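Here's a quick briefing to read with the model open beside you. Have a look at the fold, then come back for the details.

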Amino acid sequence: MKSPKELSKLGITELSLMMINSRSIRKLAIPVIDNKIRKLGANDDGMTLPAEKYARYCFVHNLLTTFGKRMDEKLLAKSYREKIVKNLVGNILLNGEDTRDQVFEKEGREIPAFITISPTQKCNLKCKGCYAASHKGSFARLDWETFDRILTEQVELWNSYFTVISGGEPFLWNDGEKNLFDILKKHSEQFFLIYTNGTTITKQNAKRLAELGNATPAISLEGFQKETDERRGKGVFDKILESMANLRDYGVPFGISVTATQKNAELVVSDEFIDFYFEKQKAVYGWLFQYMPIGRGIDLEYLVTPEQRFYMYQRGKVINEELGYDYVDFWNNGYMSYGCIAGGRKGGYLYIEWNGNVTPCVFIPYSPVNICDVYKNGGNLDKVLESQYFQDIKDWQKSYGYLQDRKEIKNRITPCFIRDHHKEFCEITRKYSVKPIDKPAEEALHSERYHKQMIEYDEELAKLLDPVWEKDFIKCLR
């Protein structure tokens, strides 16, 4: 067995390969890998704040140690051990970022880190406020050829091996005899994060995921039984627990996807909640989405209050940086991604929905271009990035501090283009003939009352959270 000193001479990928099959080597290798990650993050690029670097380090540290625990608990199938090292560590975390940096340095061109695709609008649930706005009788979907081509070009043109699948309910997608498992198998070199309501993860489907080893489900919920069934339907919570048991039985790593509202904001960051899902149910990670007032109805009463958001921010720092769990709030933890990641930004993403409409983000339901039309006209995925709407969003991101000297960085606790800076969103979006992807999005775009309420919300939010950003992130620079 190699000594820690000998291990320290090896690269991260090689170390990861060594640790996956041996508990004794794992105990030695994890601290060595952790130290290498810390040193990589210590490089001063002049554009990152110390507190941001520490938060990003904590995220990778937590993921590393949690995967180590799941391997020790025999809750990680062999196929996942291999694919996590090859696909997630090799293709995505190491090689992918190098490629994006090189393209930006040589060409000044930004390429996204990943794509989110909703291949089907079909869903077996009808959750209040769902951005997908699925409803009975409307089952638009991407065909196999388009879905497959997007994933192929993503690798060939952008060297991007990470794809997020959303919906509708992704496991209900099919094109003739082919289904989502066929997509996962065809693109075995990629790693997929699948947002799912969890009701379709039978023992058979869990087994198929374990055989493939390149996809992790993030199961949607609102709290415990009361909160989840209230939004998603009676009996859904019990089905979710059954699905989690199936995934554990076959060694499939999974996470949770949580929507925070005024009703459950405190609950979903509580010690009881964290212990239940991360320790008892064995989730590896969690994503926390704050309710967005676009969907089946514009209801700002569900929007978390500024005071609740501040509390969630405080609890999030404890959970991620002290307790050691990866439970990321896409708004409050915007500093982990250096701000808004919409619009195809370098290191960011684009969203493609079931009709082929491409939007800057899953929460910005306005499309300047359709991938199906691009393909019909002889274009490819690169053509999508030429949209001036996306370019204006990236320009706004830079004005907010992305890729700028750290002295130019503005509050990344409130990073969201449509949610936290709604006035700027309106000014940019109204310049273009962007297509609302559904009727609620069209109603929101033309509702002055909605825009007024959102702008007022942002003003109150800034009063509360700008001083927090100054204290936790900026003061240490002086």
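Let's start with a helix pair: helix 9 and helix 10 pack at an angle of about 115°, and their axes are 8 Å apart. (Axes are lines fitted to C-alpha atoms, for helices over the stretch in contact, and angles run from 0 to 180 degrees between N-to-C directions.) That makes helix 9 roughly perpendicular to helix 10; angles of 65 to 115 degrees get that label, those under 35 are roughly parallel, those over 145 roughly antiparallel, and the rest oblique.

Bear in mind that this is a predicted model, where local features need pLDDT of at least 70 and side-chain atom pairs count only at pLDDT 80 or more, while totals for chains, interfaces and linings use all residues. Residues are numbered from 1 along each chain as its sequence is written, and side-chain values use heavy atoms, with hydrogens and water left out. Helices (H or I, at least four residues) and strands (E, at least two) are DSSP runs, numbered from the N terminus.

**Helix 9, helix 10 and Thr228**

- Gln225, Thr228, Asp229 and Arg232 in helix 9 meet Val236, Phe237, Asp238 and Ile240 in helix 10, where contact means heavy atoms within 4.5 Å.
- By class, the contact of helix 9 with helix 10 has three nonpolar, two polar and three charged residues. (Ala, Val, Leu, Ile, Met, Phe, Trp, Tyr, Cys and Pro count as nonpolar, Asp, Glu, Lys and Arg as charged, and the others, Gly among them, as polar.)
- Thr228 sits in helix 9 (residues 225-232) and counts as buried, because its relative accessibility is 0%. (Buried means under 20% relative accessible area, exposed over 50%, and partly exposed in between, with a 1.4 Å probe and protein chains only.)
- The Thr228 side chain reaches the backbone oxygen of Phe224 at 2.9 Å.
- Leaving aside residues up to four places away in sequence, Thr228 touches Leu221, Glu222, Gly223, Gly233, Val236, Phe237 and Ile240.

**Helix 16 against helix 18**

- Helix 16 (residues 422-429) and helix 18 (residues 448-474) pack at about 140°, with their axes 8 Å apart, and the two are therefore oblique to each other.
- His422, Lys423 and Cys426 make the contact from helix 16, and Tyr450, His451, Met454, Ile455 and Asp458 make it from helix 18.
- Sorted by class, the contact of helix 16 with helix 18 has four nonpolar, two polar and two charged residues.

- An open sheet of 10 strands runs in the order 9-8-7-6-5-2-1-10-11-13, with mixed pairing. (Two strands pair if DSSP finds at least two bridges between them.)
- Strand 9 (327-329) and strand 13 (369-370) stand at the edges with a single partner strand each, so one side of each is left without a neighbour in the sheet.
- Strand 13 pairs with strand 11 (residues 357-359) in the antiparallel sense over two bridges, and Val369 in strand 13 is the bridge partner of Val358.
- Strand 1 and strand 2 run parallel, joined by four bridges, with Thr116 opposite Val164 in strand 2.
- Strand 1 also pairs with strand 10 in the parallel sense over four bridges, and Phe114 stands opposite Tyr349 in strand 10.
- From strand 1 (residues 114-117), Phe114 and Thr116 point one way and Ile115 and Ile117 the other, and all are buried.

**Helices across the sheet**

- Helix 10 (residues 236-249) lies across strand 6 (215-221) and strand 7 (255-260), running at about 160° to strand 6.
- Helix 11 (residues 271-280) lies across strand 6, strand 7, strand 8 (285-290) and strand 9, at about 155° to strand 7.
- Asp275 lies in helix 11 and, at 31% relative accessibility, counts as partly exposed.
- The side chain of Asp275 makes a polar contact with the side chain of Lys280 (2.4 Å). (A polar contact is a pair of N or O atoms within 3.5 Å; within protein, one must be able to donate a hydrogen and the other to accept it, and residues adjacent in sequence count only if both atoms are side-chain atoms.)

- The peptide bond from Gly167 to Gly168 is cis, with omega near 15°; Gly168 lies in the loop between strand 2 (162-165) and strand 3 (174-175).
- Asn159 has a positive phi of about 55° although it is not a glycine, and its place is in the loop between helix 6 (144-158) and strand 2.
- Tyr338, in the loop between strand 9 and strand 10 (349-352), has a positive phi near 60°, again in a residue other than glycine.
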